[in-house]
Amino acid sequence: MNLLEPVGIPDTEAVMGWRSDFPILRESVHGKPLVYLDNAATTQKPASVIAAEQAYYEHDNANVHRGVHLLSQRATDAYEGARARIARFIGAAHEKEIVYTRGTTEAINLVAQSYARPRLQPGDEVLITAMEHHSNIVPWQLVCAQTGALLKVTPIDDDGTLDLDVYERLLGPRTRMAAVSHASNALGTVNPLAQMIELAHARGVPVLVDGAQAIAHLPVDVAALDCDFYAFSGHKIYGPTGIGALYAKAALLDAMPPWQGGGDMIRSVTFEKTEYNVIPWRFEAGTPNIAGAIGLGAALDYVSVIGLEVAQRHEADLLAYANAALRAMPNVRIIGMAKQKLGIVSFVMENAHAHDIGTILDQCGVAVRTGHHCAMPVMERYGVPATVRASFALYNTRAEVDALLDGLARVEEVFPL
Ligand code: 7TS
């Protein structure tokens with residue numbers, strides 16, 4: 001990504017410029033201007049991403065890797081070009097280390113089934129953390145059930161910070177894999193990845209990073225991190241749904257068997273013997289989401305022009321602004337106050353259930369996520385059934401945080417203490 005000169009918080013004019021790139025932000029809901037604060041679930045798409053997909057369908061649509069005709073070549077070039085774009089964006093040494101997937105979930109399942117499953121023996125251990133999304137829990141439970149391996153969980157403290165000492169202790173002689181989120185979707189906590197990877201590698205344990213939340217907010221350099229696998233979804237970084245990527249070190253991918261069979265993942269097929277394709281195509285059976293890949297490439301171009309560091313400073317400002325106001329409300333309890341956080345604020349209110357709060361906010365035009373955020377163990381950890389979650393993206397403004405606060409004042413009227 002572009003390394004921009006360090007500057008302060010971007011000014012209002014810059015943010016308003018970014019906002020104008022997103023057509024959906026001109027929508028109204030229930031007669032109110034849309035205030036979209038559900039970016040951790042999915043981000044909105046800039047016009048350039050929508051245009052890239054449309055241009056592909058209007059001018060280049062054909063299947064990839066299959067035809068000598070011009071459109072197929074153009075489609076293949078655009079699809080493979082986007083792969084190279086992804087590799088550059090996350091600092092991968094080579095584009096063959098990028099496997100297209102439907103998203104983070106599919107990428108993690110791929111690693112669990114193709115990398116971990118053949119290697120796990122009964123009694124071996126897979127280490128995760130207590131703040132994982134279900135996508136980074138259930139695939140490991142499945143593979144543990146298939147192999148007799150055991151799932152170990154690193155705890156988190158009351159603030160939502162990972163207990164690094166326990167993590168280090170849990171990395172034992174039977175640990176074969178560590179799978180950790182770069183940042184938590186339910187709490188916003190950013191984990192000390194570099195340290196966690198170093199500790200795991202010191203014991204010969206490979207690390208998969210769930211980058212679903214971090215990818216749109218923190219510059220990622222997989223080479224510097226030295227992670228073994230990094231999974232993310234396009235739709236969380238202003239790109240399309242149904243496309244994402246798995247980064248994996250080439251040596252690991254080379255040693256992994258295919259996990260789905262079909263077209264494109266083979267070199268030759270007879271009824272007696274099939275030879276598989278080389279990486280990364282060995283892991284991409286069937287016609288892929290070509291338009292999605294092209295849209296994802298356009299999304300990475302879009303954020304690279306702005307610069308993730310610049311966007312992150314703005315989002316941190318929104319978080320600080322929202323935190324200060326919410327902390328001043330006696331009936332609000334913020335869940336997750338780690339020092340290192342993304343622009344995500346999860347909270348509960350006395351007297352009102354999260355879903356009621358979400359419904360009232362929706363009437364005010366404010367879109368937040370309510371519920372367990374696919375992180376039920378996190379809810380259990382803090383003894384709440386659900387939280388309200390506001391999550392910021394580069395196009396949000398302080399005025400939108402004010403709209404959230406006005407909506408919460410309305411909640412207080414409906415559900416007085
Ligand atoms: N991991 C984390 C940390 C996530 O936040 C999510 C999605 C996933 C994995 C799965 O990503 P997918 O694109 O494969 O579905 N998180 C959320 C969320 O917080 N609200 O809706 C989806």
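## A ligand and its surroundings

A polar side-chain atom of Thr105 lies 2.5 Å from an oxygen atom of the ligand. Keep in mind as you look around that this is a predicted model. Let's start with the ligand and then turn to the cysteines.

**Who surrounds the ligand**
- The ligand has 15 residues around it, and the closest are Thr105, Asp210, Ser233, Arg369 and Arg389.
- Sorted by class, this shell holds 8 polar, 4 charged and 3 nonpolar residues.

**Where the ligand sits**
- The largest pocket is the space that the ligand takes up.

**Polar contacts to look for**
- Gln213 has a polar side-chain atom 2.7 Å from an oxygen atom of the ligand.
- Arg369, one of the closest residues, places a polar side-chain atom 2.6 Å from a nitrogen atom of the ligand.
- On its own, the ligand would expose 490 Å², and the protein buries 87% of that area.

**A look at the cysteines**
- The count of disulfides is 0, going by a cut-off of 2.5 Å between cysteine sulfur atoms.
- Cys227 has a relative accessibility of 0%, so Cys227 counts as buried, because buried means under 20%.
- Cys374 has a relative accessible area of 25%, so Cys374 is partly exposed; that class covers values between the 20% and 50% cut-offs.

Terms used: Residues numbered from 1 in each chain as written. Predicted model: local features only at pLDDT ≥ 70, side-chain atom pairs only at ≥ 80, totals over all residues. Heavy atoms only, no water. Near = heavy atom within 4 Å. Polar contact = N/O pair within 3.5 Å; in protein donor to acceptor, adjacent residues only side chain to side chain. Areas by Shrake-Rupley, 256 points an atom, 1.4 Å probe, with all protein chains shown as cover. 1 Å grid on protein atoms, 1.4 Å probe; cavity = no way out; pocket = protein on both sides within 12 Å on 5 of 7 lines; lining within 4 Å. Sits in = over half its atoms within 2 Å of the grid points. Nonpolar A, V, L, I, M, F, W, Y, C, P; charged D, E, K, R; others polar. Buried < 20%, exposed > 50% of the residue type's maximum accessible area, 1.4 Å probe, protein only.
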